[in-house]
Amino acid sequence: MHIVLSPDPILRQKCEPVDPSKIKKLRSTAKSMAKLMYKSSGCGLAAPQVGIPLRMIVVDCNFAADGEEAIESPTFYINPQVTYQGGEQEIDEEGCLSIPGISIPIKRFTRITVEALDLDGEPFVVEAEGFHARALQHELDHLDGTTMFEHLNPLDRIKAFEVYEEAVQGGAKPGDTGAVPADIAAAQPKASALHVED
Ligand SMILES: [Zn+2]
């Protein structure tokens, strides 16, 4: 298993829901995804990023934040659904394991509630705030074929892609973060993500 890099077309496709009767068969894949995420110092990874066009993500924001005392506690979300998105909107820089060597400022909601199935097929709900909410929104985007580039206006997208391509040619690998390209405006949430409920 390896991380697929932009502009691989799998990163732009809408992923299919997982058949709940087949969740057991996905367990080892899910665990491998988590392993790869930790190895790459990421706090989230979506199935399409490892070449699997299914609605499954893994997120662990504690691991990245805890540093040396890190305890791996990945949360696996199968068929995640956003049931609430709101709070403030904040701009912060994001990186992506599929887009190494570059960071992009993206405006995100500070609160999100997600319902999903776990690796036993049991439903659960997560209410996330702040960085955790941001990480979830980033990974959920991947399931609909949206990468950080799609959040940018067309001109900034071209500029950012050029900087990214240079970074990859210069040897950037998944987990390498980079600077924000010069003159890039903070990216807005995509219109499709704007179902705010408050
Ligand atoms: Zn990403």
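**Exercise 1.** State how many bridges join S1 to strand S2, and in which sense the two strands run.

Solution. Three bridges join S1 to strand S2 (residues 56-59). The two run antiparallel. Strands here are DSSP runs (E, at least two residues), helices likewise (H or I, at least four), both numbered from the N terminus. Pairing requires at least two DSSP bridges between two strands. Within S2, valine 59 stands opposite glycine 44.

This is a predicted model: local features need pLDDT of at least 70, side-chain atom pairs count only at pLDDT 80 or more, and totals for chains, interfaces and linings use all residues. Residues are numbered from 1 along each chain as its sequence is written.

**Exercise 2.** Give the strand order of the open sheet and name its edge strands.

Solution. The open sheet has five strands in the order S1-S2-S3-S4-S5. Pairing is antiparallel. Strand S1 (44-46) and strand S5 (123-129) are the edges, as each pairs on one side only. Neighbouring strands are turned by 40° against each other on average, direction ignored. Axes are lines fitted to C-alpha atoms, for helices over the stretch in contact; angles run from 0 to 180 degrees between N-to-C directions.

**Exercise 3.** Find which strands helix H3 touches.

Solution. Helix H3 (residues 130-143) packs on the sheet. Helix H3 touches S1, S2, strand S3 (75-96), strand S4 (99-117) and S5. Contact means C-beta atoms, placed from the backbone, within 7 Å. The direction of H3 makes about 95° with that of S4.

Definitions and conventions:
Contact = placed C-beta atoms within 7 Å.
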